[in-house]
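Thanks for coming, everyone. Please bring up the model on your screens. I'll go through charges first, then rings.

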Amino acid sequence: MGEHNNPECVAVSEAQSPRVNNFKKVSVLPLVFLIFYEVSGGPFGMEDSVQAAGPLLALLGFLVFPFIWSVPEALITAEMGTMFPVNGGYVVWVSSALGPFWGFQQGWLKWLSGVIDNALYPVLFLDYLKSAIPALGGGLPRIVAVLALTLFLTYLNYRGLTIVGWVAVLLGIFSIIPFVVMGLVAIPKLEPSRWLVVSLHNVDWNLYLNTLFWNLNFWDSISTLAGEVENQKKTLPKALFYAFILVVVGYFFPLLIGTGAVPLDRELWTDGYFSDIAKIVGGVWLRCWIQGAAAMSNMGMFVAEMSSDSFQLLGMAERGMLPEFFGKRSRYGTPVIGIMFSASGVLLLSWLSFQEIVAAENFLYCVGMILEFIAFILLRVKHPAASRPFKIPVGTVGTILLCIPPTLLIGVLLALSELKVVVVSLIAIVIGLVMQPCLTYVERKRWMKFSISSDLPDLHGASQERANSLID
């Protein structure tokens with residue numbers, strides 16, 4: 001299937017098709033906010049960490065966890081994303097290291113976890129608004145609202161990635177400002193002793209770790225649309241660095257204010273609780289502002305996630321992993337079929353509860369990350385001299401050590417998974433294992449057309465002269 005004929009490629013040419021270059025590229029600032037929304041979008045959805053473990057462990061978690069998980073994932077994304085600055089991202093990395101079969105599995109697992117993740121945002125959006133509009137709490141009004149919101153945000157994705165990027169910037173600013181105001185208003189009410197409350201005998205470790213993981217992962221998602229980024233080899237690492245700072249501060253500051261300004265009742269800390277804290281601290285006007293910010297944030301997360309999911313499918317189609325029609329672009333340069341498939345998945349999954357969605361998404365994402373870590377290490381071992389515009393300044397042993405803490409965390413998360421989540425996730429994995437040979441058979445029988453796009457950069461070494469310098 002397409003690129004499957006030669007999965008050993010390890011370098012990417014600078015040259016790109018004129019047709020692809022006709023579409024406007026994403027610059028640093030929009031890319032920072034796209035990453036921000038891929039990973040975070042603000043403190044909405046982190047409330048369960050306090051319910052699960054109390055204020056102290058929640059605060060420590062959002063300080064320590066980024067260095068265990070987010071930093072390694074972001075560094076790997078910066079190195080591999082600049083080594084392969086093309087659409088498809090981690091699918092291309094895994095294909096190059098492990099071959100086409102596992103590249104397809106990576107694509108399936110990450111796309112499915114991304115769609116599951118995106119199904120959260122209509123749920124969170126309505127959870128924040130239902131206190132002001134009770135009718136949105138269930139029934140037909142909620143179904144209509146989910147459908148209308150999904151269609152509107154899907155249309156934004158259709159209109160172009162640069163529009164999505166600048167929409168993300170505006171939504172990000174609007175979502176962050178009310179927490180700055182809430183912090184200032186809450187200063188007289190802060191009691192530092194509330195931050196130190198902890199009860200190790202009353203910790204729901206499964207919920208705690210899943211909440212931390214969900215709020216601080218997906219750094220690699222931006223790699224799937226690297227081909228749409230302006231000057232990828234400089235822009236991507238810079239944007240990841242700025243986004244990391246924005247994400248960590250965007251979580252820790254509101255959590256510090258929320259836990260310090262109101263008396264602790266862990267049962268109240270569920271998704272949507274920040275709007276209640278805002279009312280206690282500043283009044284109805286601040287609650288309405290936080291609710292509006294939450295709504296805007298979930299819109300930003302939705303459009304950012306759908307962009308990466310749909311461009312991933314486009315990248316897979318351009319390499320012959322999926323039928324050719326997945327590579328079709330609109331006149332705005334967006335992947336039409338990829339957007340439609342991703343939106344359909346969101347609508348099918350949006351009936352699930354918040355915690356069910358998080359647990360299922362985390363399981364599949366963890367399996368995909370294991371493949372990603374293996375690919376990263378193998379490419380360092382097998383092709384140490386390959387061109388890496390951004391390279392993590394560690395050797396082979398360092399790359400292995402870098403991957404050990406997040407891999408151990410993955411093991412803990414998988415071990416704590418509920419049986420229902422494990423069964424559903426294993427079924428999804430089996431579907432992917434069966435789907436790839438089925439698609440190969442379909443291609444061989446010519447029931448559908450598969451092809452490698454002529455717009456692709458050269459993944460086979462750029463030129464004969466450069467080939468010998470790429471492999472040690």
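Is Arg 380 buried or exposed? It counts as buried, at 4% relative accessibility, because the cut-off for buried is under 20%. Keep in mind that this is a predicted model.

Now, what does Arg 380 pair with? Its salt-bridge partner is Glu 79, and the closest N and O atoms are 2.8 Å apart. Look at where the two sit. Glu 79 is in helix α4, residues 55-83. Arg 380 is in helix α15, residues 354-382. The pair links distant parts of the chain, 301 residues apart. Glu 79 is buried too, with a relative accessible area of 0%.

Glu 79 has another partner. Arg 388 forms a salt bridge with Glu 79, with 3.1 Å between the closest N and O atoms. Arg 388 lies in the loop between α15 and α16, while Glu 79 is in helix α4, so this pair ties together parts 309 residues apart in sequence. Both Arg 388 and Glu 79 are buried.

Next, a pair in another setting. Lys 449 forms a salt bridge with Glu 324, the closest N and O atoms being 3.8 Å apart. Lys 449 is in the loop between α17 and α18, and Glu 324 is in the loop between α13 and α14, so the pair ties together parts 125 residues apart in sequence. Lys 449 counts as exposed, at 57% relative accessibility. Glu 324 counts as partly exposed, at 33%.

Back to the shared partners. Glu 79, Arg 380 and Arg 388 are joined into one network by their salt bridges. Across the structure there are seven salt bridges.

On to rings. How many aromatic pairs does a search of the whole structure find? It finds 24. Take Tyr 158 and Tyr 332. Their ring centres are 5.4 Å apart and their planes are at 80°, so the pair is edge-to-face. Tyr 158 is in helix α8, residues 139-158, and Tyr 332 is in the loop between α13 and α14. That is a link between distant parts of the chain, 174 residues apart. Tyr 158 is partly exposed, with a relative accessible area of 28%. Tyr 332 is partly exposed as well, at 23%.

Compare a local pair. Trp 205 and Tyr 208 are also edge-to-face, at 5.8 Å centre to centre and 75° between the planes. Both lie in helix α10, residues 205-216, three residues apart, about one turn of the helix. Why does that spacing matter? An α-helix has 3.6 residues a turn, so residues three or four places apart point the same way. Trp 205 counts as partly exposed, at 39%, whereas Tyr 208 is buried, at 7%.

Trp 205 also belongs to a nonpolar surface patch with Val 198, Leu 200, Val 412 and Leu 416. Together they have about 430 Å² of accessible area. Leu 416 lies in the loop between α16 and α17, and counts as partly exposed at 33% relative accessibility.

One ring cluster to finish. Ring pairs link Phe 44, Phe 179, Trp 269, Tyr 273 and Phe 274. Tyr 273 and Phe 274 are among the buried residues of helix α12, residues 273-282. After α12 comes Gly 283, with a positive phi near 110°.

Last item, a charge over a ring. Lys 110 lies over the face of Tyr 90, at 4.2 Å from the ring centre.

Methods
Residues numbered from 1 in each chain as written. Predicted model: local features only at pLDDT ≥ 70, side-chain atom pairs only at ≥ 80, totals over all residues. Heavy atoms only, no water. Buried < 20%, exposed > 50% of the residue type's maximum accessible area, 1.4 Å probe, protein only. Helix = DSSP H or I, 4+ residues; strand = E, 2+ residues; numbered from the N terminus. Salt bridge = Lys/Arg side-chain N within 4 Å of Asp/Glu carboxyl O. Patch = residues over 30% accessible without salt bridge, like charges linked within 9 Å, V, L, I, M, F, W, Y side chains within 5 Å. Areas by Shrake-Rupley, 256 points an atom, 1.4 Å probe, with all protein chains shown as cover. Phe/Tyr/Trp six-rings, centres within 6.5 Å; stacked < 30°, edge-to-face > 60°. Lys NZ or Arg CZ within 6 Å of the ring centre and 35° of its normal.
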